[in-house]
Amino acid sequence: MCAEGGTPESWLALAACYFRLDRNNECRAALRKALEIDPHHAPTRKFLKQITGSELIPAADTGRPPVHLEEPRTPGSGC
């Protein structure tokens with residue numbers, strides 16, 4: 001990633017570039033930096049909402065396949 005410093009706008013622009021390149025870990029890091037500089041930066045919050053449906057930065061991708069939990073079985077159901 002590039003040098004420290006900058007503005008929330010510059011980190012958001014970098015995050016958007018990383019997002020378009022499907023470089024998700026770098027995108028998350030740039031978004032974190034933008035919000036570290038200004039936790040209430042509306043454009044960053046709006047971008048997060050657009051790409052994730054939330055204003056929270058998603059956890060890093062581990063590269064493992066997703067885990068799907070089974071529904072709990074009712075005792076005596078035989079299944």
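Tutor: From the N terminus on, the elements of the protein chain run α-α-α, and the chain has 3 helices and 0 strands, where helices (H or I, at least four residues) and strands (E, at least two) are DSSP runs numbered from the N terminus. This is a predicted model, in which local features need pLDDT of at least 70 and side-chain atom pairs count only at pLDDT 80 or more, whereas totals for chains, interfaces and linings use all residues. Residues are numbered from 1 along each chain as its sequence is written, and side-chain values use heavy atoms, with hydrogens and water left out.

Two packed helices are described by the angle between their axes and the distance between the axes. Here the axes are lines fitted to C-alpha atoms, for helices over the stretch in contact, and the angles run from 0 to 180 degrees between N-to-C directions. Helix α1 (residues 8-20) packs with α2 at an angle of about 165 degrees, their axes being 8 Å apart, and the two are therefore roughly antiparallel to each other (angles under 35 degrees count as roughly parallel, over 145 as roughly antiparallel, 65 to 115 as roughly perpendicular and the rest as oblique). On the α1 side, the contact (heavy atoms within 4.5 Å) is made by Pro8, Trp11, Leu12, Leu14, Ala15, Tyr18 and Phe19, and on the α2 side by Glu26, Cys27, Ala30, Leu31, Lys33, Ala34 and Ile37. By class, these residues divide into 12 nonpolar, no polar and 2 charged, with Ala, Val, Leu, Ile, Met, Phe, Trp, Tyr, Cys and Pro counted as nonpolar, Asp, Glu, Lys and Arg as charged, and the others, Gly among them, as polar.

The loop between α1 and α2 contains Asp22, which has a positive phi of about 60 degrees although it is not a glycine. Asp22 is exposed, with a relative accessible area of 58% (buried means under 20% relative accessible area, exposed over 50%, and partly exposed in between, with a 1.4 Å probe and protein chains only).

Ile37, one of the α2 residues in the contact with α1, lies in a helix that spans residues 24-37. Not counting residues up to four places away in sequence, Ile37 touches Gly5, Gly6, Thr7, Pro8 and Trp11; from Gly5 it is 32 residues away in sequence and 8.7 Å away in space, C-alpha to C-alpha. At 37% relative accessibility, Ile37 counts as partly exposed.

Turning to the other packed pair, α2 and helix α3 (residues 42-52) meet at an angle of about 150 degrees, with their axes 10 Å apart, which makes α2 roughly antiparallel to α3. This contact is made by Cys27, Leu31, Ala34 and Leu35 of α2 together with Thr44, Arg45, Phe47, Leu48 and Ile51 of α3, and by class it has 7 nonpolar, 1 polar and 1 charged residues.

Cys27, which takes part in the contact with α3, counts as buried at 3% relative accessibility, while Cys17 counts as partly exposed at 43%. The sulfur of Cys27 is 9.8 Å from the closest cysteine sulfur, in Cys17, too far for a bond, and the structure holds 0 disulfides (pairs of cysteine sulfur atoms within 2.5 Å). Over the protein chain, buried residues make up 22% of the 79 residues.
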